[in-house]
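I opened this entry to look up the fold, the surface and the side-chain pairs. My notes follow the display.

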Amino acid sequence: MATLTGLTFGGKTWTPKFVEEIDQDKCIGCGRCFKICGHNVLVLKAMNEEGEFVEDEDDDEIEKKVMTIANKENCVGCEACARICSKNCYTHSVLDN
């Protein structure tokens, strides 16, 4: 099975790893990954005590905010989000064709 690869500016082979999942139990909603990603992949969402997403962010039921994958198709596989995450929330994988 073929794996997607690219070349760095220096001509070295590079294998991108695309975001697959964010562990919302570990996520503290700091937003560092959101700030580092320039491809509109992530969004911060409010969550209640039961672990359900809350649409109205002014709601008193909000327990915490967590990062979610909003536009997975925009990921370029750079893994910057995982490198900046202090809680090791991210799972990435290579693209097999």
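I call a residue buried under 20% relative accessible area, exposed over 50%, and partly exposed in between, with a 1.4 Å probe and protein chains only. This is a predicted model, in which local features need pLDDT of at least 70 and side-chain atom pairs count only at pLDDT 80 or more, while totals for chains, interfaces and linings use all residues. Residues are numbered from 1 along each chain as its sequence is written, and side-chain values use heavy atoms, leaving out hydrogens and water.

Fold. I took helices (H or I, at least four residues) and strands (E, at least two) as DSSP runs, numbered from the N terminus. The chain has two helices and seven strands, in the order β-β-β-α-β-β-β-α-β from the N terminus. Its C-alpha atoms fill a box of roughly 55 × 25 × 20 Å along the principal axes.

Burial. Of the 97 residues in the chain, 26% are buried.

Salt bridges. I searched for a side-chain nitrogen of Lys or Arg within 4 Å of a carboxyl oxygen of Asp or Glu. The count is one salt bridge: Lys72 meets Glu20 at 3.3 Å, N to O. Lys72 lies in the loop between β6 (62–69) and α2 (80–84), and Glu20, 52 residues apart from it, is in strand β3 (residues 17–22). I find Lys72 partly exposed at 39% relative accessible area; Glu20 is also partly exposed, at 36%.

Charge over ring. The rule asks for NZ of Lys or CZ of Arg within 6 Å of the ring centre and within 35 degrees of the ring normal. The charged end of Lys45 sits over the ring of Phe53, 5.2 Å from the centre.
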